Amino acid sequence: MSTGKGDIELAGVAKSYDGSTYAVDGINLKIPDGAYCCLLGPSGCGKSTILRMIAGHEDPTVGEILIGGEDVVGLDPVERRTAMMFQSYALFPHLSVRDNIAFALRVRGMAKGARDDKVDAMIEKVQLGEFANRLPAQLSGGQQQRVALARAAITEPRVLLLDEPLSALDEHLRIKMRAELSRMQRDLGITFIHVTHTQMEAIALADMVVVMDKGQIRQAAPAPEVYARPRDRYVAEFIGGQNVLSGTIGQVNGVRATLAGARFSAINIPIVQSRRLESGQMLDIAVRRDDIDLLRPGGAGVPEGSTAIEGSVIGVEYQGNFVKVMLEAGGEDEFVAYVPERRFFEDALSIGDRVLAVWQIDHAHLLA
Amino acid sequence: MKLSRNMTGWLNVTPLLAVLVPFFIVPILVVSVASVMQTDGYGGMFMDFTLGKYLDVATSALTYNLYFATIKFALLTLVFSAFIGFWVAYFLVFHVRSKLIAMGLFLVCTVPFWTSNIIRMISWIPLLGKEGLVNQALLGAGLIHQPLEFLLYSSFAVVVAYVHQLTIFMIVPIFNSMARIDKRVIEAALDAGAGRWDIMRMIVIPMSKSGIALGAIFVVSIVMGDFFVVKVMSGGGTASVVGAFYEDISVLQYPTAAASAVILTIIVMLMVAVILRVVDIRREITL
């Protein structure tokens, strides 16, 4: 089999089932060869539709889908050399593990000898040797996932498409199988596109995270960037780990500006080269929960280069390595600080305490 | 009051026993006992244990001819009803997109059963008879010059009537097992590169097997136990196993009829056992 490249490009892709409403619209996306890409979004955001269009189970209403540089719209999955791992696996319930894995080779008419060798090697690779003759119903969730992965990978696809591959597993197994997916992707060296609605799963696995909402891409970037530098309020809130504050810009000077909200007095924000800020403009900013320090008011005051808002503690959750402190501050539903465990217990806060939430001005991130 | 585990178990099986004992066990016992009794030739029976009736039935060439004829009808009906039932169910499950329409069409399949069996059978007569619609149409179209005689009062007519009557018993269980095939499983097969024929052969048929087996049990046991359709549709030209008992009863040969009935019961049970051996239907029942 030729080793075509598995880079993918979606250009102006839209899909409508009824001709008037669009499940996805205006999708432009480039995924490099050999990348692990996660499509992330709430249910109904169109992420599965994109996956199915790349897989060839649905055709876009408009737009082009290129795999390895060639337009694949209208081709069937075999010609695209993609393989799909279905949600809840869709294993053939009446076939043994071995026959499930061999299925694609069988329908492609590969001779029995060659087929058996390949299937044996794959069974070995996913460590299912002792289960080869069992039916899917006799396997655990994790084992079923391995069968599904092996069944998809046996055809040596250039792109593997995974539709919510971990959602059928319990929490503990999910983390274990997540590592296995990542190892498998490195072993195979092909492009993986993984659809999920779980932020942590996407961030842990992906080289590239594509955050989606209502049929559109909100941000497509490497995981650390999506986490630390969300593009807009939606991404910041969906990925989590951020506090978002809305306000109106007050004064602007060379390096700093001020932002005042309805429920907090002016705070300092950084000025970045790529953004032009004007007085009176509305702006959202994001501050990471782990960048926030909680001080008692009336102490040493706000350090140089930092800014603060005041609030009161409404909840404390112990998380082990850090303590999650929820504040009533800034007029947001939730303003949260992740305080390292040792630091928290130096001067433990309790519900009702007044605090200053302090962060370094340069750590705030301006949202679109 | 606390019931012992044992007691609870018995209570659980009571409803089933209340049906099985009076309607199955007791009649079978009565027939079995009657089969080893003697008759006085005027309808009276007295106890004088003998297996003579079994011997008579088992050594009579007539018995073999009757079984041959009845099993032939059963198998022909099975083949045609399974074929038609499979495709009807396949169409309903895989080609009708709306669940509501599928359910509606499914109910339409049962419409012929709103009228009595006898009326349905008789309605074939104006269609298949010598002067019937089929013959007139064929004559009118110039395809034949003599009316086709085999259409009515023949084995052909018997099979037509059985298939008409029993295909629903195939459609229902096959529909049921096909409807349980996860559409993603079909999609996974397409993804792997399977063509229509591969999907049919490797996915749909194996996964509908238990439905086909359940349908086969209905069809075989009904045809084996029927005599009326054969009597009417063959015009009296063909006999059947149960038809023979009917004759025995009408001449007051109760023990002979009882012995034949016991033998038929055993043979039908063996046929069902063969079907169950080929296809494990437990999955269909438990899932």
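**Close-up views of a predicted model**

**View 1. Surroundings of helix H13 in chain B.** The buried residues of H13(B) are covered by elements of chain B that include helix H1 (5-35), strand E1 (38-39), strand E2 (45-46), helix H2 (52-59), helix H10 (196-224) and helix H12 (241-250). In this predicted model, helix H13 is made up of 25 residues, 254-278, and its first and last C-alpha atoms are 36 Å apart, close to the 36 Å expected at 1.5 Å a residue. The buried residues of H13(B) are B:Tyr254, B:Pro255, B:Thr256, B:Ala257, B:Ala258, B:Ala259, B:Ser260, B:Ala261 and B:Leu264.

View 2. The secondary structure of chain B consists of 14 helices and two strands, and its C-alpha trace spans about 80 × 70 × 35 Å along the principal axes. Chain B has 287 residues, of which 28% count as buried. When contacts in chain B between residues at least 6 apart in sequence are considered, 71% of them join residues at least 24 apart.

**View 3. An open four-stranded sheet in chain A.** The strands of this open sheet follow the order E2-E1-E4-E5, and their pairing is antiparallel. Its edges are formed by strand E2 (22-31) and strand E5 (70-71) of chain A, each of which pairs on one side only. Strand E4, residues 62-67 of chain A, is joined to E5(A) by two bridges in the antiparallel sense, and within this part of the view A:Leu66 lies opposite A:Asp71 of E5(A).

**View 4. The two faces of strand E17 in chain A.** Side chains alternate along strand E17, which covers residues 322-328 of chain A.

View 5. Strand E16, residues 306-318 of chain A, pairs with E17(A) in the antiparallel sense over six bridges, and A:Val316 has A:Val325 in E17(A) as its bridge partner. The hairpin of E16(A) and E17(A) has three residues between the strands, and in it A:Gly320 adopts a positive phi near 100°. E17(A) is also joined by six bridges to strand E18, residues 335-340 of chain A, and these two strands run antiparallel.

Note on methods:
Residues numbered from 1 in each chain as written. Chains lettered and ligands numbered in written order. Expected span 1.5 Å × (residues − 1). Buried ≥ 20, exposed ≤ 12 C-beta atoms within 10 Å, placed from the backbone. Contact = placed C-beta atoms within 7 Å. Pairing = 2+ DSSP bridges.
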